[in-house]
Amino acid sequence: MDLTIIAPTGLLCQTTTDKVSFPGEWGAFTVLTGHAPLIAHLVAGTIVYSEQGQEKSLEIESGFVRVLENQLEVCVEVPGHDIS
């Protein structure tokens, strides 16, 4: 799957992965290759994904994820960033 994570400050991640876990509004969930189309609201927590066999994580305050045909597009707010 192609994973792209952006924030108001710019691109945070652009990689290929086979598994991503998100802090969803109704609880944590994991997206695997071949997942059904999805748009979900994200809450404060940690996005966890693998990149070249290493587990990586990213703390977020909120955001949204769109999953469509193994493309994951994530737009987030990260701690310590004021958009005013």
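Cysteine 75 counts as partly exposed, at 42% relative accessibility, in this predicted model. Cysteine 13, by contrast, is buried, with a relative accessible area of 6%. Are these two cysteines bonded to each other or apart? The structure holds zero disulfides. The sulfur of cysteine 13 has its closest cysteine sulfur in cysteine 75, and because 14 Å lies between them, they are too far apart for a bond. For comparison, a disulfide calls for sulfur atoms within 2.5 Å.

Let's turn to a polar residue. Glutamate 51 sits in strand S6, which covers residues 45-51. Leaving aside neighbours within four places in sequence, glutamate 51 is in contact with Thr15 and Lys56. Its side chain makes a polar contact with the side chain of each partner, as shown here.

| Side chain | Partner side chain | Polar contact |
|---|---|---|
| Glutamate 51 | Threonine 15 | 2.9 Å |
| Glutamate 51 | Lysine 56 | 3.0 Å |

Now for the nonpolar interior. In soluble globular proteins, nonpolar side chains tend to be buried together. Here the largest nonpolar core has 21 residues, and the members that touch the most others are Ile5, Phe22, Leu42, Ile47, Val74 and Val76. Several strands each supply at least two residues of this core, among them S1 (2-7), S3 (19-24), S6 and S9 (71-77).

Which residues does isoleucine 47 touch? Not counting residues up to four places away in sequence, isoleucine 47 touches Ile5, Val20, Ser21, Phe22, Pro23, Leu42, Lys56, Ser57, Leu58, Ile60, Val74 and Val76. Lys56 is also in contact with glutamate 51.

Definitions and conventions. Residues are numbered from 1 along each chain as its sequence is written. This is a predicted model: local features need pLDDT of at least 70, side-chain atom pairs count only at pLDDT 80 or more; totals for chains, interfaces and linings use all residues. Side-chain values use heavy atoms; hydrogens and water are left out. Buried means under 20% relative accessible area, exposed over 50%, partly exposed in between (1.4 Å probe, protein chains only). Helices (H or I, at least four residues) and strands (E, at least two) are DSSP runs, numbered from the N terminus. A polar contact is a pair of N or O atoms within 3.5 Å; within protein, one must be able to donate a hydrogen and the other to accept it, and residues adjacent in sequence count only if both atoms are side-chain atoms. Contact means heavy atoms within 4.5 Å. A nonpolar core is a set of buried Ala, Val, Leu, Ile, Met, Phe, Trp, Tyr and Cys residues joined through side-chain atoms within 4.5 Å.
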